[in-house]
Amino acid sequence: NHPGSAESGPDRDEMVHPAVGGYTERPMEVAVPARVRLNLREGPGISFPVKVQLEQGTALSVLTLPYGADVPGWFMVRCGELNGWVAAQYLRETEG
């Protein structure tokens, strides 16, 4: 559930959507903030190659990792047809 959300249940908060590779999309949308070109990487760390640089305002969907896995400081995201990893500190949640 989203903090401060008045609604709950499968309508929004509990729903996940199938995604490529067995990952699911959380109902959380994020965007690249102002004055940042964010690297979309092949893995969760700065040692992984950059797939593309994302511009300010680029909308991303956060993906849920299988088996409840978590990688502190990094989110796996979908950007159009691309999946990749971004540093969590550079994202902001969009209002929906």
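Q: What percentage of the 96 residues in the chain do buried residues make up?
A: A residue counts as buried under 20% relative accessible area, as exposed over 50%, and as partly exposed in between, with a 1.4 Å probe and protein chains only; here buried residues make up 34% of the chain. This is a predicted model, in which local features need pLDDT of at least 70 and side-chain atom pairs count only at pLDDT 80 or more, while totals for chains, interfaces and linings use all residues. Residues are numbered from 1 along each chain as its sequence is written, and side-chain values use heavy atoms, with hydrogens and water left out.

Q: Which residues make up the largest nonpolar core?
A: A nonpolar core is a set of buried Ala, Val, Leu, Ile, Met, Phe, Trp, Tyr and Cys residues joined through side-chain atoms within 4.5 Å. The largest one here has eleven residues, namely Val30, Val32, Leu38, Leu40, Leu54, Leu60, Val62, Val77, Cys79, Val86 and Leu91. At least two residues of this core come from each of strands S3 (38–41), S5 (59–64) and S6 (74–79). Another core, of six residues, lies apart from it and includes Leu63, Leu65, Met76 and Trp85.

Q: Which side chains meet in a salt bridge?
A: The rule asks for a side-chain nitrogen of Lys or Arg within 4 Å of a carboxyl oxygen of Asp or Glu, and the count comes to one. Arg37 and Glu55 form this salt bridge, at 3.0 Å from N to O. Arg37 lies in the loop between strand S2 (24–31) and S3, and Glu55 in the loop between strand S4 (50–54) and S5, so the pair ties together parts 18 residues apart in sequence. Glu55 counts as partly exposed, at 41% relative accessibility.

Note on methods
Helices (H or I, at least four residues) and strands (E, at least two) are DSSP runs, numbered from the N terminus.
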